Amino acid sequence: MRYKLQNTTTEILISEKLPTLANKKMVLIVDEHIEELYKDVINGITEDSPQYIFTAKEKFKTIDEIIKIYSFFIKNNVNRETVVVGIGGGITTDIASFAASTFKRGCKLQLIPTTFLGMIDASIGGKTAINFEGVKNAIGTFYPAEKVFVYPPFLKTLAEDDLRSGWTECLKASLIKDNGLYELLLESKKIITKEIIQKAIAIKIGLCKKDLYDSGERRKLNLGHTFAHVLESVSNYQVNHGDAVAIGIRKAAECSRSKRMLNEIDFLKIIKLLDRYDLPKNIPDELKKRVNEIGNEVIIQDKKAGEKVRIVLFNGFQDIVLHKVDATNEIIDLLVS
Ligand SMILES: NC(=O)c1ccc[n+]([C@@H]2O[C@H](COP(=O)([O-])OP(=O)(O)OC[C@H]3O[C@@H](n4cnc5c(N)ncnc54)[C@H](O)[C@@H]3O)[C@@H](O)[C@H]2O)c1
């Protein structure tokens, strides 16, 4: 698969065999877990390129870590012709991409995502990010990778929670656009296949191509995210992002139905898919009080200055719209219902 965003063409290779990376000069930024679990695989394709081993936790996706990576680049004479290869889940590919996009105003970038979410979402579409002063993805650039190598055997060692996050994003993609992914997921044995990965990537690429800079079409990918962000915030990020988005998609469907934007038949088609993948349905009771207390505040903070709150809703099956909300209370009421 190939796609072009701005001036960069990204080549995506999905294969049960990783090719040898034949770059003249390259450095690697590798998720520590992957380095431990797949040392031989990584060494087999990259020979003896310098490696920066990164502990993939949100609290390290920061400017302090970026400074350490820049020092590693200086030590290894990285220049604009050097290929920076990010190997890991979304945290690792986000930070590796940010470092590559800013050092010497941009080095070459290749990614090897190792999580389901990384394969269908984080490594695709050119967003790079680090967190700053507690604000997630506060600093970033748009910098698509030249190559993305998707190697599904990595998924065998992925933890249950991380698999679920990937499934949620995959289901979300199938509810945004029709390319046969919805039907495939309904019939699937819940095994991640090349076809599922390919179709989910195609939906994300379709939206990014129309709107690299996230000012219109691409925002459809935020389906479920307004609800999810309230939930993550009030739980102090104890509810994981994937679970929060799964609940958020359900709430978006309920909201769309109550506004008569979505009829009962289409509503049930959405719920049928969510139920099939055993994703969480509702927010834990103990969090409902907190949602009532500070939910409004979280939503107001999220919105852009001067704008109305916008949520992503269904205007029909696989028909997504950004909907202006007059009263944020309606979001809160739905969350605690
Ligand atoms: N740039 C984008 O467009 C974009 C899109 C979505 C999400 N993201 C970002 O992605 C991040 C979440 O990424 P994620 O969910 O892919 O995971 P992650 O990077 O948070 O990794 C999750 C855990 O799985 C481990 N891991 C990774 N691959 C493994 C494997 N094959 N086997 C065993 N363990 C493995 C990691 O070490 C880590 O402990 C967030 O920071 C989010 O902001 C970015």
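Okay, let's start with the ligand: helix 5 gives the largest share of the shell around it, four residues. Helices here are DSSP runs of H or I with at least four residues, strands are E runs of at least two, and both are numbered from the N terminus.

Quick housekeeping. This is a predicted model, so local features need pLDDT of at least 70 and side-chain atom pairs count only at pLDDT 80 or more, while totals for chains, interfaces and linings use all residues. Residues are numbered from 1 along each chain as its sequence is written, and side-chain values use heavy atoms, with hydrogens and water left out.

Back to the shell. At least two residues each come from helix 1 (32-37), helix 4 (90-102), helix 5 (116-122) and strand 8 (135-139). There are 25 residues around the ligand, and H33, E58, G90, T115 and T157 come nearest; being near means having a heavy atom within 4 Å.

Now the polar contacts, meaning pairs of N or O atoms within 3.5 Å. E58 puts a polar side-chain atom 2.5 Å from a ligand oxygen. A side-chain N or O atom of T157 sits 2.7 Å from a ligand nitrogen. With K127, a backbone N or O atom is 2.9 Å from a nitrogen atom of the ligand. And how much of the ligand does the protein bury? Of the 880 Å² that the ligand exposes when taken alone, 86%, by the Shrake-Rupley method with a 1.4 Å probe.

Last bit: domains. An automatic or database assignment gives domain 1 (2-157) and domain 2 (160-336). Their centres, over C-alpha atoms, are 27 Å apart.

Methods: A polar contact is a pair of N or O atoms within 3.5 Å; within protein, one must be able to donate a hydrogen and the other to accept it, and residues adjacent in sequence count only if both atoms are side-chain atoms.
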